[in-house]
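I opened my notebook to work through this one piece by piece. Here is what I looked up, in the order I got to it.

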Amino acid sequence: MTAQREWFEKDYYRLLGVNADAAAKDITKAYRKLARELHPDRNPGDAAAEERFKEVSAAYDVLGDPAKRSEYDEVRRLGPMAAGGRGGPGGFSFNVGDMQGGDIGDLLGQMFGRGRSGRAGGGVGPRRGADLSAELTVDFADAVRGLSTTLHLTSDAQCSTCSGSGSAPGKAPQVCGLCGGRGVIDDNQGLFSLSSPCRACQGRGAVVTDPCGTCRGSGVEHRPREVKVRLPAGIDDGATIKVPGRGAPGRNGGPAGDLLVEVHVRPDARFGRSGRNLTVTVPVT
């Protein structure tokens, strides 16, 4: 995602009334409180409240998304240049990912009007899927001995019909005719050029001409699925098990996220636990 000038000009943390290092749950809590107070239904005819409601919603749209928040923080750290500031006649902009990936050649190419020549999907590139969370409750004895089990989830997953391509079986996405598969469009401004994601393919570099009937071209479907989970012997109540690659599917060829399973252990009628030791209470006459 190309850095946005608005990200540098507006302090979204201040708009939500939280610190820059605030936890995700605190950001959500602050947004919900403000949204309730400023909602147009509670403030009919109040243009100022309506405008403030829009600003708060825009701030949460960025800070409530881990990937967008990370890029926003990077834009704020790098300053106006990352937000599309003009460094001379014509100005230039760059993708924060170019600096993080060390691809200085492509950055210089954008500065001098070359862009990402010959690289498909350069505007957005692969994106890792989001992490998903689930809960699992087990008996005390199973927690002591360890357990292999299967979780039954209903969540977004790679489309089972098109394998995530978005195209109908036997078909394939076509190279975007507007950007030539690069995913970005260059707007030459004399010596420099501005690059932005291609509006025809949304930066993917390819267009689905025959959409899959199951996912309607998105490559993702919401469906039940099974995930095998292995709990080690002696697992603690409240522990979290990470199952790599079983989270939400990635975008544009990116890897899937992880599944984070929070484990709850049922109390036992006879035994208790103190650290790594079993305890039992017996009557003494």
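Predicted model: local features only at pLDDT ≥ 70, side-chain atom pairs only at ≥ 80, totals over all residues.

I started with Ser163, which counts as exposed at 52% relative accessibility. My cut-offs: buried is under 20% relative accessible area, exposed is over 50%, and partly exposed is in between, with a 1.4 Å probe and protein chains only. Ser163 sits in the loop between β2 (147-158) and β3 (174-175). Its phi is positive, about 60°, although Ser163 is not a glycine.

I then looked up Arg216, where phi is also positive, near 60°, in a residue other than glycine. Arg216 is in the loop between β6 (206-207) and β7 (220-231), and it is exposed at 76% relative accessible area.

Residues are numbered from 1 along each chain as its sequence is written, and side-chain values use heavy atoms, with hydrogens and water left out.

**The whole chain**

I counted eight helices and eleven strands in the protein chain. These are DSSP runs numbered from the N terminus: helices are H or I with at least four residues, strands are E with at least two. Of the 285 residues, 36% count as buried. I also checked contacts (heavy atoms within 4.5 Å). Among those between residues at least 6 apart in sequence, 67% join residues at least 24 apart.

**Helix α5**

Helix α5 (residues 66-78) has 13 residues and reaches 18 Å from its first C-alpha to its last, close to the 18 Å expected at 1.5 Å a residue. The expected span is 1.5 Å times one less than the number of residues. Its buried residues are Arg69, Glu71, Tyr72, Glu74 and Val75. At the start of α5, I found a side-chain oxygen of Asp65 within 2.9 Å of the backbone nitrogen of Ala67.

**Salt bridges**

A search of the whole structure gave me eight salt bridges. The rule is a side-chain nitrogen of Lys or Arg within 4 Å of a carboxyl oxygen of Asp or Glu.

Which residue forms a salt bridge with Asp258 at 3.1 Å? I found Arg128, with 3.1 Å between the closest N and O atoms. Arg128 lies in the loop between α7 (104-111) and β1 (132-138) and Asp258 in the loop between β8 and β9, so the pair ties together parts that are 130 residues apart in sequence. Arg128 is partly exposed at 44%, whereas Asp258 is buried at 13%. Arg128, Asp131 and Asp258 are linked in a network of salt bridges. Asp258 also has a polar side-chain atom 3.0 Å from the backbone nitrogen of Gly245.

Next came Asp139 and Arg266, whose closest N and O atoms are 2.6 Å apart in a salt bridge. This pair also links distant parts of the chain, with Asp139 in the loop between β1 and α8 (140-145) and Arg266 in the loop between β9 and β10 (271-274), 127 residues apart. Asp139 is partly exposed at 38%, and so is Arg266 at 40%.

Last, I looked at Lys33 and Glu37, which meet in a salt bridge at 2.8 Å, N to O. Both lie in helix α3 (residues 24-38), four residues apart, about one turn of the helix.

Methods: Polar contact = N/O pair within 3.5 Å; in protein donor to acceptor, adjacent residues only side chain to side chain.
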